[in-house]
Structures are given as C-alpha cells and as structure tokens.
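The following paragraphs lead through a two-part reading of the model: first some local features of the chains, then the contact between them. Please keep the sequence and the structure in view while reading.

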Amino acid sequence: MDQVTLDKWNNDQKPAVLHVSEISAIISDLLADSRLSRIWVTGEITNFKRHSSGHLYFSLSDNRDKFEAVISCSIWKSSVRYLGFTPEDGMEVQAYGSVNHYEPGGRYSFQITQMRPSGAGEKALLIEQWKREMSAKGWFNSERKRPLPQYPQKVGVVTSPTGAVIKDIKNVFSVRFPVEIILSPATVQGPLAHEEIARAIRRVEKLVDLIIVGRGGGSFEDLFSFNHPEVVKAIVNCPVPVVAAIGHEVDITLADLAADFRASTPSHAAERSVPDRRSELDQLIQVRKMMYHLLIGGLETAEEDINHLRDRLSSPGLMREIFQRREYLADLTDRMTRAQTAHLSRKKMILDGQKSRLEGKNPRMLIVRELPEKRVFITELSERLGRSVLVRLNEKKMELNAVSAIISSHSPEALSNRGYCIVRKDNTIITSVLELSAKDLIKIRFADGTANATIGEVCHDKKV
Amino acid sequence: MLRSGKFAMTKKYEELIAELKEIVKKIEDDSTSLDEMITLYEQGIIIIRQCEERLSEAEIKITELGRET
C-alpha cells in the first residue's frame with residue numbers, strides 16, 4: 001500500500017473517507033485471492049490452544065533467512081477429529097486450508113481443514129517401502145503367528161519404565177492372574193529409540209514366556225520407531241510370542257503387523273496375555289462338579305451292574321430250572337420213600353416169619369412143656385444116684401479102714417516098737433554104712449528116747 | 001513323601017492344570033474301575049485346591065532389567 005503523503009493529501013481536494021465495513025469488504029475481497037485459497041502451508045506450531053468448544057487455535061510460524069513470519073490459524077472441531085495426531089507447540093506441520101477474513105474481529109486467519117506433521121509424507125513413503133520389503137520376507141504372514149502361552153509364568157514388558165503402560169499392565173495382572181513381570185526398559189520415542197527397543201527385546205527374550213511391547217498413544221512421529229526394521233526384526237526373531245500394544249487402536253505400526261498378537265491398548269495386551277483368575281476359578285469349580293458327577297455316575301453304574309446281575313440271578317429261566325429241580329427232587333424223595341416202605345414191609349414179613357420160627361424154639365416154651373416130665377425123671381435119677389452113692393461110700397469106707405490098718409502097722413513108732421532105730425549124723429538120717437567112718441559121732445533114735453554113740457569100726461557087707 | 005509334597009508345591013500352574021485334565025480324562029474313561037475313580041477324584045480335588053491357592057496369590061513381582069547388556 002502506498003504511503004499517503006502530505007503532498008498527495010494536499011493534492012486531493014476531497015479526501016476519500018471510507019467506512020470500516022467498506023475497508024473490511026475490500027480486504028475480504030482481496031483475501032479471496034486464489035493464491036490464498038485451498039493451499040498447503042508449512043510451518044511450526046506456536047501458541048497452541050484448545051478451546052473449550054473443541055476448536056483449535058494456534059499460529060504457524062516460519063523463520064527463513066532470519067525473517068520471522070506468523071499467521072494465525074484455526075481448526076474447527078468438525079475437522080479436529082480427522083487430524084490423526086495431536087498438534088503441539090514446536091511441531092513442524094503441513095496444513096491445508098484457506099485464508100479467511102474475520103470481519104467482526106478485524107483479523108484474518110488461516111482456516112485449516114487437514115493437517116499432518118511435516119516430513120510425514122516422506123516417512124510414510126519410507127514405511128511403505130519397509131512394509132513391502134518385510135512382506136516379501138514373510139514377516140507378516142499369518143502362519144508365522146504363534147499362539148500365546150495359556151499360563152505364562154514370566155512376562156517381559158518392553159516399554160518406558162516411567163510411562164503408564166507398565167502401570168496399566170501391572171494393574172491388569174494383579175486383578176487377573178499372578179505372574180512375574182520382567183521390565184526391560186527402553187526409550188520409546190526419539191531418533192535412537194528403535195535401537196533401544198530392539199535391544200530391550202533381545203535382552204529379555206530368553207528370560208520370559210511372552211513379551212509385551214508397549215507404548216501409549218502418540219503422534220505418527222512418536223510411533224515411528226515401531227516401524228523401524230530393527231524393531232520389527234527383533235520381534236520376528238524373538239523366541240517367545242510377542243504382543244504389541246503400540247499407540248491407539250487407529251495407529252497401526254509395522255511392529256503391530258509382525259507381532260504374534262496385536263492389542264489395542266496395553267491393558268488389552270495384559271488381558272490377552274494371562275488367563276482371568278475368576279474364569280479359572282469358575283472352571284475349577286466346573287471341573288470339581290464334573291468330577292463329582294462322573295464319580296456319582298460311576299457309582300450309579302456300579303449299582304446298576306449289581307442290580308442287573310441280581311436280575312439275571314433271579315431270571316424266569318433260572319426259576320423254572322429251580323422249580324424243575326425241586327419237582328425232580330420231590331419225585332425222587334417219593335420214589336425213595338415208596339421203595340423204602342416196600343423194602344421195609346418185605347423185611348418185616350421175613351422178620352415175622354423168623355420170629356415165629358424162633359418163638360417155636362423158645363426154651364421157655366420147651367421148659368414149660370417138658371418140665372413136669374423132666375422133673376419126675378430128675379427125681380428118679382436123684383434117688384438112684386443117692387442109692388448108688390451110699391453103697392459105693394460104704395465100700396470105700398471099708399477099703400479105707402483096711403488100708404489104714406496096714407499103714408498103721410508100718411509107722412516109725414510101730415517100727416521102733418519092734419526094735420528098729422533111726423541113726424542120724426549131724427541131724428542127717430543115715431541110710432547106708434558108706435556114709436559113716438570110724439570115730440563119727442552119731443545119734444540113735446529109739447521109740448522112747450535117744451542115745452549118742454561113737455563109731456568104732458565100719459564094716460561093709462561086701463568088700464569094696 | 002515330604003519331598004514329593006515339596007515338589008508338588010513348586011509345580012507350575014500349567015502343569016497342575018495338565019495333570020487335572022489327565023485325571024478327568026481317566027475318570028471319564030469307561031474302563032476305569034470304581035476304586036481307581038475314587039482315588040483319581042481325591043487326587044483331582046487336591047490339585048484343584050493347589051490351583052485355587054496359586055490363583056489367590058495377589059502379589060505381582062516386577063523385576064527391572066538394567067539397560068546395559
């Protein structure tokens with residue numbers, strides 16, 4: 001705009017006086033220039049403000065060749081939700097929109113409808129290139145995905161030690177299932193973050209059953225490290241399954257694609273990594289119930305088996321068999337009884353015959369019949385015996401007397417009376433002269449006394 | 001007995017669950033005798049108790065690794 005000079009002021013007779021609204025209209029008209037409409041502008045965000053209405057207000061500034069330029073910017077709430085990242089002061093961005101004039105405020109501003117971090121285009125292209133390479137290597141293949149262990153004991157967590165991720169994971173674990181957490185700390189954003197993350201994965205991978213690689217929400221730029229081939233390679237080569245929980249659900253990094261499981265948030269990752277204590281307890285209750293029912297079932301089956309056997313034991317067939325056997329037994333008993341009775345009566349008849357025959361030979365009967373006759377006979381015999389005994393007795397008495405007389409005449413007294421003596425030597429009766437020698441002392445017994453004598457000489461009748 | 005008991009205490013939850021599944025499988029088997037079934041049931045109840053004790057451990061242990069390898 002040309003400076004209004006005093007000369008010119010003086011030259012113009014009638015200075016033009018415009019209303020503000022006229023000026024404002026001209027400005028609006030001027031700003032409607034196609035060069036200011038639907039354009040991309042790059043710059044750094046400053047004075048960032050989020051209004052309570054949800055609209056964003058900030059400035060884009062530029063410092064080229066030591067010349068600073070600033071333009072006010074705004075993003076309506078309706079466009080904010082499509083941003084895909086959270087603008088911050090100091091952020092280099094590319095913004096798309098038009099310059100508008102706000103007449104009631106006398107201000108012009110750049111009205112933005114789309115915005116992305118600067119360099120995002122280049123980085124997006126890089127990610128696309130990496131993705132193609134990794135895809136060709138098969139890193140994202142679904143058959144590569146390993147199932148997560150059902151009951152991990154140790155879970156490695158690769159994240160910032162100060163962030164919310166580790167807290168969220170710990171909270172979920174303490175509610176769900178007791179596991180040991182091994183935190184492998186790493187810086188999760190910045191130019192060297194990818195190296196740290198990859199190292200942290202390798203450091204913990206041999207100590208645990210499962211690894212959670214986590215990071216809270218952030219801009220495209222913040223999450224960029226998780227696309228880096230170093231990180232993705234560490235995940236692919238990890239000997240245990242990896243759960244990725246990087247950024248919000250809408251943010252998908254290459255690490256997410258390569259992980260064995262992709263969780264929307266760190267809490268979600270923790271939930272998927274361990275079983276739920278309550279459902280485990282429920283299952284244990286179910287198993288306990290099932291075992292109990294199986295046991296009861298087993299008992300019932302055993303009881304049924306016994307009942308079945310009992311039924312079989314008392315089956316009609318068996319009853320018939322028992323009945324027949326019993327009938328047969330009764331029949332047999334009858335026959336035996338009959339046979340026995342017949343046999344007995346036969347034996348009785350024989351016995352009776354024998355008995356009558358025996359009765360005929362009874363001595364008592366004989367005696368009764370023959371006794372009187374025998375008695376007479378005996379009396380007679382007795383008398384005859386008595387008579388003959390007396391006769392014989394007298395005969396014998398007479399013989400005895402005669403013998404007695406003879407014996408008496410031969411007694412030692414009778415002999416002594418007739419002059420016979422008995423010679424004894426040493427009380428021994430001497431019967432032979434051979435028993436004597438001269439001068440022997442002898443005792444001579446006479447009928448009326450004894451005499452002692454000495455032998456003078458012994459003379460034999462015959463010479464010896 | 002003491003040693004085996006002690007060993008059982010250090011069994012992993014996963015191993016306990018595997019054992020429990022095996023026991024249930026055997027109980028379900030028709031060829032298992034009633035006596036065996038009763039013994040298995042008793043074993044199963046002991047394992048379930050151990051699992052429940054394990055689940056009741058509330059403390060979460062966190063070990064932080066050093067950054068340098």
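Is Cys459(A) buried or exposed? Cys459(A) has a relative accessibility of 53% and therefore counts as exposed, where buried means under 20% relative accessible area, exposed over 50% and partly exposed in between, with a 1.4 Å probe and protein chains only. Cys73(A), at 3%, counts as buried.

Some conventions apply throughout. This is a predicted model, in which local features need pLDDT of at least 70 and side-chain atom pairs count only at pLDDT 80 or more, while totals for chains, interfaces and linings use all residues. Residues are numbered from 1 along each chain as its sequence is written, chains are lettered from A and ligands numbered from 1 in the order in which they are written, and side-chain values use heavy atoms, with hydrogens and water left out.

Charged pairs come next. A salt bridge is defined here as a side-chain nitrogen of Lys or Arg within 4 Å of a carboxyl oxygen of Asp or Glu, and this rule gives nine salt bridges over all chains. One of them joins the side chains of Asp33(A) and Arg35(A), with an N to O distance of 2.8 Å. Asp33(A) is partly exposed at 22% relative accessibility, whereas Arg35(A), at 67%, is exposed. Another salt bridge links Asp256(A) to Arg262(A) at 3.7 Å, N to O. In that pair Asp256(A) is buried, with a relative accessibility of 2%, and Arg262(A) is partly exposed, with a relative accessible area of 27%.

Two residues of chain A deserve a look at their backbone. Arg38(A) has a phi near 50°, a positive value in a residue other than glycine. Arg38(A) is placed in the loop between α2 (20-31) and β1 (39-50) of chain A; helices (H or I, at least four residues) and strands (E, at least two) are DSSP runs, numbered from the N terminus. With 65% relative accessibility, Arg38(A) counts as exposed. Asn47(A) is likewise not a glycine, and its phi is positive at about 50°. Asn47(A) lies within strand β1 of chain A and, at 54% relative accessibility, is exposed.

Further along chain A there is a sheet to trace. Four strands form an open sheet with antiparallel pairing, in the order β12-β11-β13-β14; two strands pair if DSSP finds at least two bridges between them. At the edges are β12 (428-429) and β14 (449-454) of chain A, each of which pairs on one side only. Strand β13 (residues 441-446) of chain A pairs with β14(A) in the antiparallel sense over six bridges. Within β14(A), Thr450(A) is the bridge partner of Arg445(A).

The remaining topic is the interface of the two chains. Here 33 residues of chain B are in contact with 36 residues of chain A, contact meaning heavy atoms within 4.5 Å. Together, chain B and chain A bury about 3,300 Å², of which 70% is on carbon and sulfur atoms; buried area is the accessible area (1.4 Å probe) that two parts lose on being put together, summed over both. Of the area that chain B buries against chain A, 22% is supplied by Leu55(B), Ile60(B) and Arg67(B), more than by any other three residues.

Polar groups also meet across this interface. The count between chain B and chain A is two salt bridges, and nine residue pairs are in polar contact, both residues being at pLDDT 80 or more. A polar contact is a pair of N or O atoms within 3.5 Å; within protein, one must be able to donate a hydrogen and the other to accept it, and residues adjacent in sequence count only if both atoms are side-chain atoms. On the side of chain B that touches chain A, the elements giving two or more residues are α2 (13-28), α3 and β1 (61-64) of chain B. The largest share of that side, 11 residues, comes from α3(B).

Glu52(B) is partly exposed at 23% relative accessibility, and Arg288(A) is partly exposed at 27%.
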